[in-house]
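Please read the following report alongside the sequence and the model.

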Amino acid sequence: MAKVKIYVTLRESVLDPQGSAVQGSLVKMGYNEVQDIRIGKYLEVVIGDTERDLDSLVKEMCEKLLANTVIEDYRYEVEEAN
Amino acid sequence: MKFAVLVFPGSNCDIDMYHAIKDELGEEVEYVWHDATDLSEFDGVLIPGGFSYGDYLRCGAMANQSNVMAEVKKFAQAGKPVLGVCNGFQILTEAGLLPGALLRNKNLKFMCRTVGLKVTNNDTLFTNQYEAGEVINIPIAHGEGNYFCDDKTLAELKANNQIVFTYSGENPNGSLEDIAGIINERGNVLGMMPHPERAVDALLGSNDGLKVFKSIVKMWRESHVS
């Protein structure tokens with residue numbers, strides 16, 4: 001069994017109006033050092049015993065459903081559980 | 001001509017679409033549930049607006065994995081007409097049947113109003129009843145209608161005349177080049193954010209959308225009835 005932490009973020013070339021709005025709020029609160037915010041998604045996927053190679057399995061799931069690679073990038077970390 | 005109106009959990013413009021075809025257009029129409037595995041009895045597929053699967057993960061992402069979408073891909077490959085409106089447009093981009101993606105509206109607001117829409121290509125299966133450059137009034141109702149694609153795709157869309165509708169006047173969502181609707185290269189799959197099925201009766205504000213459906217029927221009659 002493995003726990004996979006997947007991060008899905010908007011590509012650099014895609015504007016993130018939500019991130020800009022949150023950044024605006026923080027600056028308004030006095031956190032003038034905040035220069036930019038990008039908001040993304042975090043997914044924890046627990047994967048049971050499998051014959052498949054974990055990397056190719058996770059990549060396939062990301063490409064097919066979890067991320068839309070037209071607008072999003074993804075990266076992941078594999079954390080072994082017991 | 002017989003239309004299928006796809007219904008996903010969370011679709012909410014399916015009844016308007018059905019009404020437009022049955023009562024205003026006078027053609028045959030049936031609801032088709034998302035787990036259907038056969039579209040062979042239909043001549044056209046309509047993917048309605050709404051919030052399929054609650055818009056969870058991304059608009060249209062999970063609807064794209066339903067049984068019926070595998071059939072829609074075959075249907076489109078056979079050259080038959082497929083129209084996706086609003087969430088239907090989002091599903092078509094997720095399915096790869098249309099290029100690009102629909103992002104969150106630039107102003108972060110859900111926009112619900114009637115907009116001016118320019119018919120930038122009237123030489124299509126879906127717009128042949130309009131004049132070239134005609135401006136029509138059609139309602140929008142979406143939070144994620146901000147069309148985005150990369151520069152290469154945009155150049156292709158322009159080169160192939162695939163941009164069918166653009167917003168006239170105010171751009172309500174920040175979409176690239178004011179794009180409101182695009183067609184695939186072959187010309188049988190159209191996606192648009194505005195709702196033509198909500199503009200089919202002057203009594204309800206506008207019947208400018210009816211010609212989208214009339215255009216489909218006209219093309220079908222010409223190729224199927226001698």
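## Two helices of chain B in contact

A20(B), I21(B), E24(B) and L25(B) in α1(B) meet L210(B), F213(B), K214(B) and V217(B) in α5(B), where contact requires C-beta atoms, placed from the backbone, within 7 Å. The residues of this contact divide into 6 nonpolar, no polar and 2 charged; Ala, Val, Leu, Ile, Met, Phe, Trp, Tyr, Cys and Pro count as nonpolar, Asp, Glu, Lys and Arg as charged, and the others, Gly among them, as polar.

The axes of α1 (residues 14-25) and α5 (residues 210-224) of chain B come within 11 Å and cross at roughly 75 degrees, the axes being lines fitted to C-alpha atoms, for helices over the stretch in contact, with angles from 0 to 180 degrees between N-to-C directions. The helices α1(B) and α5(B) are therefore roughly perpendicular to each other, a term that covers 65 to 115 degrees.

## Basis of the model

This is a predicted model, in which local features need pLDDT of at least 70 and side-chain atom pairs count only at pLDDT 80 or more, while totals for chains, interfaces and linings use all residues. Residues are numbered from 1 along each chain as its sequence is written, and chains are lettered from A and ligands numbered from 1 in the order in which they are written.

## The sheet of chain B

Chain B holds an open sheet of 9 strands with mixed pairing, in the order β2-β1-β3-β4-β11-β10-β9-β6-β7; helices (H or I, at least four residues) and strands (E, at least two) are DSSP runs, numbered from the N terminus, and two strands pair if DSSP finds at least two bridges between them. The edge strands are β2 (28-33) and β7 (135-142) of chain B, each pairing on one side only.

Strand β3 (residues 44-47) of chain B points G44(B) and L46(B) one way and V45(B) and I47(B) the other, and all are buried, that is, with 20 or more other C-beta atoms within 10 Å of their own. Strand β1 (residues 2-7) of chain B pairs with β3(B) in the parallel sense over 3 bridges, and V5(B) stands opposite L46(B). Strand β4 (residues 82-85) of chain B also runs parallel to β3(B), joined to β3(B) by 3 bridges, and here I47(B) stands opposite G84(B).

## Between the chains

Across the interface, 8 residues of chain A are in contact with 11 residues of chain B. Helix α1 (residues 17-28) of chain A gives the most to the side of chain A that touches chain B, with 3 residues, and by class that side has 6 nonpolar, 2 polar and no charged residues.

Conventions: Buried ≥ 20, exposed ≤ 12 C-beta atoms within 10 Å, placed from the backbone. Parallel < 35°, antiparallel > 145°, perpendicular 65-115°, else oblique.
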